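User: I am new to this structure and would like to learn how to read its features. Please take me through them one at a time.

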Amino acid sequence: MTTNAKRDSAEEQDSLRSRWRALLRLVSFLWRLNPRGMFWATALLLLGGLLPVVFLEVLRRFIDRALDVIAGAAPTSAPLVWFGLLVVILLVEQLINATNRWLALLLNEEFKERAQEELLGKAGRLPLAAYEEHQLYDLLQRARQGIDRHLFAVANNLPATLVNLITAVSLLLYVGAAHISFPIIFVVAVIPLMIFDARYGRKRWAVERKQTSDERLQLYLDDLITQRRAAGEIRLFGLQQHFLDEWHTLFTRLQRERLALARRAAITGLSGQVHIPLTMLLITSTVTIWVLRGRMTVGAFATYISAVARFTTALWRLVSSATRLNTDLRYIKDLFEYLDLAEDVGAASAQIGSAASSAGHPTLSTAPTIIFHDVSFTYPGAKRPALTHIDLTLRPNERIALVGENGAGKSTIAKLLLGLYQPSSGYIAVDGVRLDTIDPAVWRSYVAAVFQDYMQYALTARQNIGFGRLQQLDDLDAIQAAAAKSGADDVIAGLPAGYETLLGKAFDEAGRDLSTGQWQKLAVARAYLRDAPIVVLDEPTAALDARAEVEVYRQFRDMAVGKSVLLISHRLGSARLADRIVVLEQGQILEQGSHADLMARGGRYAEMYAAQAQWYQDDRQPTKHGSLLPQGGSIDVPDRPLA
C-alpha cells in the first residue's frame with residue numbers, strides 16, 4: 001500500500017472485520033511481547049468472569065442454612081462455612097481485579113514503548129516521496145492519537161470486555177434456570193443500546209478523522225505562537241493576535257462539531273438506556289410473585305434478585321466496554337495502517353543487488369560513471385513533471401554545474417542522484433548497474449551532500465559535524481580537520497566549550513546561537529567528513545558573505561580533486577569552476593558546455609550570466625569569482641554528446 005494510492009472513503013474502510021482483525025493483530029503482538037503476562041492475564045480473566053456465579057451459589061446456600069438455623073432445623077455452625085467461603089470469594093475477586101489492572105498497565109506500557117519505537121522507525125524507512133503528501137501527515141497524526149489516546153483504553157477495555165462477557169453469559173444461564181424467557185427478554189432489551197453505542201462510536205470516529213487536518217493546523221499555530229524560532233518575526237509584523245484568532249477559530253469550530261455530536265448522542269441514547277431498568281423491574285416483580293406463591297425459596301429469591309442485578313450490571317458494562325473497544329480499535333487500525341505503508345526499497349533492493357552481482361554485474365568503483373537515461377520525474381500531487389526526458393552523464397572525477405531559474409529541476413536531479421527519490425520513468429545507472437537495484441545504504445555511503453535546506457541540530461558542535469560519518473562521531477581529529485576545510489574551525493574557536501558547546505537554546509538557555517552562515521559552515525564540514533567519491537553541493541554558499549564564499553569555493557576546488565561533483569548555484573560566477581555547465585529550463589536540458597563555450601554561443605546561459613554581471617556592476621559590487629579559477633582561467637572541456 002502507498003500513500004498516493006486511491007483511498008476508499010472512511011465508511012468503506014470502517015468495517016467490523018477490519019477492526020477485529022486489528023484486535024487479533026494487537027493480541028498477537030502483545031503475546032509475543034510478554035507471553036507470560038498474557039497467559040496469566042487470560043487465566044485471571046476466565047477465573048474473574050466465573051466467580052460471580054460461584055459467589056451467588058454460595059450465597060444461596062448461606063441464606064438457606066441461616067433460615068434453617070432460625071427454624072431450628074440446623075445447628076448454629078451450619079451457615080458459618082458458607083459465610084467463610086463468601087469472604088474468601090470476595091477477597092479473591094478483589095485480588096484478581098487488582099492483578100488484572102496491574103497486568104493491563106504493564107502490557108500497555110510495554111506495547112506503548114514498542115509502538116512508539118515502531119512509529120519512529122517507520123518514519124525513517126518511508127520513501128522520501130511519501131512526505132510530499134498531506135495524507136501521510138494525517139495518517140501519522142491519527143496513528144499518534146491511537147497510541148496516546150486509545151492504546152491504554154484498549155488495554156483496559158479488552159480485559160474488561162472479556163470479564164463482562166464471561167460474567168454476563170454465566171449469569172444469563174443462571175437467570176435462565178428460573179425461566180427460559182428471562183434471558184431472551186434481557187437480550188432484546190439491550191439491543192437498542194448496542195445499536196446506539198455502535199452508531200455513536202462510528203460517528204465520533206468519522207468526525208475525528210475529518211478533523212485531522214484542522215487539528216494539525218491548530219498544532220502548527222500553537223507551535224508558531226509558543227516557539228522561539230518565529231517569535232521575532234511575529235512580534236515585528238504584529239502577527240500574535242492574528243495567529244491567536246486563527247487558533248481560536250479552529251478550536252471553536254472543532255469543539256462545536258464534537259459537542260453537536262455529543263448532544264445528539266445524549267438525546268438519542270436516553271430512549272435506549274431505559275430498556276434495561278424496565279426489564280429488571282419486570283423480572284424482579286415476577287420472581288417476587290413466585291416467592292409469595294411458594295414456587296421459590298427465600299434463599300433462592302435473594303440470590304436470584306442478586307443475579308439479576310449483577311447480570312444487569314455486567315450486561316451494561318459489557319455493552320459499554322465492547323462499544324468503547326470497538327471504537328478504540330478504529331484508531332489502533334489507523335496505527336497499523338501507518339505501520340503497513342510501503343517502505344523505502346532498502347531490503348528488497350539489497351536482495352536484487354545481490355542477485356545482480358551474482359549475475360556478473362561489476363562492483364561499483366570509487367570513481368563511478370553515472371548516467372541518467374531518459375529520466376522523468378513528477379512529485380506526488382504535482383500537476384506537471386519536475387523533470388522530462390533527462391539524459392545526462394556524470395563522468396569519473398568530473399565537476400558539473402547545474403544552473404537555471406527556480407523550479408527548473410536542479411535540486412530534483414540532485415535528489416534523484418542521491419537516491420532519495422526514484423524516477424517516474426527512465427532510470428539512473430551507476431557503472432552500468434541500475435541505481436534502483438543497489439542497496440540504498442551502500443549507495444549512500446558513496447555520496448555526500450550539502451543541501452540548501454541543511455539541518456541545524458540542537459546538539460553539540462562536534463555532533464553537528466560528526467553526523468556526516470557516524471563511525472567518526474568521536475574522532476575529534478577527523479572532525480577538526482573537516483571543520484578546518486569548511487572554515488567552521490574559526491566559528492568553533494569562539495564557542496565557550498569548543499566542540500562540546502551545545503548549539504541553540506532548544507534544551508538549554510546556555511546554548512549558543514549561530515548565524516545562518518555559521519550553521520552553513522558546519523553543514524559543509526559534515527560533507528567534508530563524509531569523504532565520499534560523489535559530492536552534491538546545493539547552493540552551498542547561499543548564506544555566506546562574499547569573502548567567506550570565495551574561501552569556500554577555493555576549498556571546494558581542492559576537495560573536488562579525485563571526486564565527482566554536482567554543483568547547484570544561482571551565482572553563475574561559481575559555475576565557472578565546473579568542467580561542464582548544464583542549463584535547465586522547465587525540467588529539461590536546454591544547453592551544456594564549458595563557460596567559454598556557452599558564452600560564445602550567446603544562448604540562455606550567456607543571457608543569465610550577462611544579466612547577473614550587469615547587476616553586480618550596477619550595484620558597484622565587484623565579483624571575486626574569477627579569483628577562484630585555476631591559473632589560466634576557466635577549464636575548457638569540449639562539448640560532446642552524452643551517453
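**Sheets, a helix and pockets**

Analyst: Glycine 419 follows H13 and has a positive phi, near 80°. Helices (H or I, at least four residues) and strands (E, at least two) are DSSP runs, numbered from the N terminus. This is a predicted model, in which local features need pLDDT of at least 70 and side-chain atom pairs count only at pLDDT 80 or more, while totals for chains, interfaces and linings use all residues. Residues are numbered from 1 along each chain as its sequence is written, and side-chain values use heavy atoms, with hydrogens and water left out.

User: Which residues of H13 are buried?

Analyst: Buried means under 20% relative accessible area, exposed over 50%, and partly exposed in between (1.4 Å probe, protein chains only). H13 is mostly covered, with six of its eight residues buried. These are Lys410, Thr412, Ile413, Ala414, Leu416 and Leu417.

User: How do I read a sheet, and in what order do the four strands of the open sheet lie?

Analyst: Strands of a sheet pair through backbone hydrogen bonds, either parallel or antiparallel. Two strands count as paired if DSSP finds at least two bridges between them. Here the order is S2-S1-S4-S5, and the pairing is antiparallel. Strand S2 (387–394) and strand S5 (433–434) are the edges, each pairing on one side only. Between S1 (residues 370–377) and S2 there are five bridges; valine 375 of the chain stands opposite isoleucine 390 in S2. Helix H13 (residues 410–417) packs on this sheet and touches S1, S2 and strand S4 (425–430), and its direction makes about 120° with that of S1. Contact means heavy atoms within 4.5 Å. Axes are lines fitted to C-alpha atoms, for helices over the stretch in contact, and angles run from 0 to 180 degrees between N-to-C directions.

User: Is alanine 429 buried or exposed?

Analyst: Alanine 429, placed in strand S4, is buried, with a relative accessible area of 9%. Leaving aside neighbours within four places in sequence, alanine 429 is in contact with Thr369, Ile370, Ile371, Arg434 and Leu435. Its C-alpha atom is separated by 6.7 Å from that of phenylalanine 372, 57 residues apart along the chain.

User: What is the order of the open sheet of six strands?

Analyst: The order is S6-S7-S8-S3-S9-S10, with mixed pairing. S6 and strand S10 (588–593) are the edge strands. Strand S3 (residues 399–403) pairs with strand S8 (residues 564–568) in the parallel sense over four bridges, and arginine 399 stands opposite valine 565 in S8. H13 packs on this sheet too, touching S3, strand S7 (534–538), S8 and strand S9 (580–585).

User: What is the volume of the largest pocket, and which residues lie nearest its centre?

Analyst: Rolling a probe the size of a water molecule over the atoms shows where empty space is left. On a 1 Å grid over the protein atoms alone, a pocket is an open set of points where a 1.4 Å probe fits, with protein on both sides within 12 Å along at least five of seven lines; lining residues have an atom within 4 Å of a point. The largest pocket holds about 950 Å³, the space filled by probe spheres set on grid points joined across faces, edges and corners. Its lining has 27 residues, with Leu420, Ala449, Phe451, Tyr457 and Arg526 nearest the centre. H13, strand S6 (447–450) and helix H18 (516–530) each give two or more residues to that lining.
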